[in-house]
Amino acid sequence: MRRREISPPSSLALEASHISVTYPGGIRAVRDVSISIAQGEVLALIGESGSGKTSLARALASLVPYSGQVSLMGNPVSSLNRLERSRRLQLVFQNPYTYLNPAKTVGQILEEPLIIHARGKRPGPAMTEEMLTALDLDPAYRTRSIRELSGGERQRVAIGCALMLNPSVILADEALSALDVLVQARILALLRSHTCLFISHDISAAAYFSHRIAVMYRGEIVEEGPTERVYTSPRHPYTQRLLRKL
Ligand SMILES: Nc1ncnc2c1ncn2[C@@H]1O[C@H](COP(=O)(O)OP(=O)(O)OP(=O)(O)O)[C@@H](O)[C@H]1O
Ligand SMILES: [Mg+2]
């Protein structure tokens, strides 16, 4: 007898329903958006400047007040404390200057999340050096201070920092913009082995490596589907316009 295929609820790494974000002054940046990301899936979120992509990511990470429900691996985020949440979900922003402490070494930055989550147990250098290599950085960078790094190198350290804990979901908000094309390709390959919401202006990069694409316009998801389908035969006029611009 054929077994029925029932996927367990936890096969969704992230499930968000009816998310709305309204900023003071009444700006409705996100309007009743529902998205889900399966384990191992890369969902690209594209849309023009001001369409609400970052606001949605901030809501998913509980960084702004929002209405609606967010679950990570089947657990409502409201049932998770901050530490549990950060183990499951990591956000990488575009500008690492604002949140990487310049006084610290690369090793300290990369090892910090592990130390916090392992309650003070210090990870060995091997793990850090392995991550640096994966990021296409010299393992010797471990002892260099953040302020000695270029913008693109800092960006890669920020991505590494998010990956160190092997979170269930990574939200990458324009996280590759500071990188040149070759390094971008390398980091895309690295991100592709994780579950990821990949926010980008760059439709080509999004199409190149995502499994699905969601298109955001004025706070709403106007189109969503398998990358190949959205890219080759977009249904919504706004998506058609975005693709014509290429
Ligand atoms: N802290 C805030 N307070 C008030 N309004 C905000 C705030 N942050 C964003 N907005 C507004 O919300 C809307 C969506 O902004 P958001 O940053 O989410 O867009 P985005 O799609 O990420 O744009 P970009 O591609 O330029 O990063 C915009 O109209 C913006 O002006
Ligand atoms: Mg943004």
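In this predicted model, eight of the eight residues of helix α1 are buried, so α1 is largely enclosed by the rest of the structure. The buried residues are K53, T54, S55, L56, A57, R58, A59 and L60. Just after α1, S62 takes a positive phi of about 60 degrees.

The residues around ligand 1 are Y23, I27, A29, G47, S49, G50, S51, G52, K53, T54 and S55. Two elements, β2 (27-38) and α1 (53-60), each give two or more residues to this shell. The largest share comes from α1, with three residues. By residue class, the shell around ligand 1 holds three nonpolar, seven polar and one charged.

Another part of the model shows a helix pair. Two packed helices are described by the angle between their axes and the distance between the axes. For helix α3 (residues 106-117) and helix α5 (residues 151-163), the angle is about 25 degrees and the axes lie 8 Å apart. Angles under 35 degrees count as roughly parallel, and α3 is therefore roughly parallel to α5. The crossing of α3 and α5 is right-handed.

The contact itself can be followed residue by residue. From α3 come V106, I109, L110 and P113, which meet V157, G160 and C161 in α5. The residues of this contact of α3 with α5 divide into six nonpolar and one polar, with no charged residue.

How values were computed: Residues are numbered from 1 along each chain as its sequence is written. Chains are lettered from A and ligands numbered from 1 in the order in which they are written. This is a predicted model: local features need pLDDT of at least 70, side-chain atom pairs count only at pLDDT 80 or more; totals for chains, interfaces and linings use all residues. A residue is near a molecule or strand if its C-beta atom, placed from the backbone, lies within 6 Å of it. Helices (H or I, at least four residues) and strands (E, at least two) are DSSP runs, numbered from the N terminus. Ala, Val, Leu, Ile, Met, Phe, Trp, Tyr, Cys and Pro count as nonpolar, Asp, Glu, Lys and Arg as charged, and the others, Gly among them, as polar. Axes are lines fitted to C-alpha atoms, for helices over the stretch in contact, and angles run from 0 to 180 degrees between N-to-C directions. Angles under 35 degrees count as roughly parallel, over 145 as roughly antiparallel, 65 to 115 as roughly perpendicular and the rest as oblique. A crossing is left-handed if the near helix is turned anticlockwise from the far one by less than a right angle, and right-handed if clockwise. Two residues are in contact if their C-beta atoms, placed from the backbone, lie within 7 Å. A residue is buried if 20 or more other C-beta atoms lie within 10 Å of its own, exposed if 12 or fewer, and partly exposed in between; C-beta atoms are placed from the backbone.
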